[in-house]
Amino acid sequence: MKSILFATDGSESSENAGEMVKEYLKAWPEAELHVLYVTAKENYAYDLVPDVVDHYEDQIKKEIRKTVENQMYHEWKDRVHFVHEVGHPSTTICNVAKEKDADLIVVGSHGRGFFDRALLGSVAHAVLNRSELPVLVVR
C-alpha cells in the first residue's frame, strides 16, 4: 500500500473513518495519506448569498485541515497531505483517488437517525458504485 485517499466532511462518521486510517498508516510506514475535503456548492442556494457560503466553507476547510495536520495525524505529518476540491463529492473523490494513484479510498458511512443508520450514506454509496479502486466504508 503506497497511497491512501481519506475523504472527510468533518462529521462524526468521518472521524471514525479517520481513526481507522491511523491503523493503515501504522501498518504501512511507506504509505502516503491524502485527506480530501470536497466543497459541494450544489448543496447551497449559492446565487443568493455567495459570500456567506464561501466564508462558511472556508471555515470548515480550515477546521478540517487544522484537525488533520495538528491532531489526528501529527505523528505522520511528513506523509499526510490535505487536499481541497470543489465539485460533486462522489465524482470528485473518485477522480482525486485516480490522480493520486490511491490504492484505497476510505470514507465514513453517514448515519444520523435510525433509518439513515440502516442504509449506507449517499456519498459512500455513490463512491462504492463509481470507483474502480477498493473502497473501505467505516461505520
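**Buried positions and helix packing in the predicted model**

V68 touches V35, Y73, H74 and V80, when residues up to four places away in sequence are not counted, a contact being defined as heavy atoms within 4.5 Å. The structure is a predicted model, in which local features need pLDDT of at least 70 and side-chain atom pairs count only at pLDDT 80 or more, whereas totals for chains, interfaces and linings use all residues. Residues are numbered from 1 along each chain as its sequence is written, and side-chain values use heavy atoms, with hydrogens and water left out.

V68 is located in helix α2 (residues 50-72), where helices (H or I, at least four residues) and strands (E, at least two) are DSSP runs numbered from the N terminus. With 2% relative accessibility, V68 counts as buried; buried means under 20% relative accessible area, exposed over 50%, and partly exposed in between (1.4 Å probe, protein chains only). The C-alpha atom of V68 is separated by 9.0 Å from that of H81, which lies 13 residues apart from V68 along the chain. S14, in helix α1 (residues 12-27), is likewise buried, at 2% relative accessibility, and touches F6, A7, T8, D9 and H110, again not counting residues up to four places away in sequence.

In helix α5 (residues 122-130), the buried residues include A124, A126 and V127. These three cover an arc of only 165 degrees around the axis, which puts them on the same side of α5, the arc being that of the directions from the helix axis to the C-beta atoms. On the other side of α5, S122 and N129 are exposed. The cover over the buried residues of α5 includes α3 (89-99), β4 (104-108) and β5 (135-138).

The axes of α3 and α5 come within 8 Å and cross at roughly 45 degrees, where axes are lines fitted to C-alpha atoms, for helices over the stretch in contact, and angles run from 0 to 180 degrees between N-to-C directions. The two helices, α3 and α5, are therefore oblique to each other, since angles under 35 degrees count as roughly parallel, over 145 as roughly antiparallel, 65 to 115 as roughly perpendicular and the rest as oblique. P89, S90, T91, I93 and C94 of α3 make the contact with V123, A126, V127 and R130 of α5. The residues of this contact of α3 with α5 divide into six nonpolar, two polar and one charged, with Ala, Val, Leu, Ile, Met, Phe, Trp, Tyr, Cys and Pro counted as nonpolar, Asp, Glu, Lys and Arg as charged, and the others, Gly among them, as polar.
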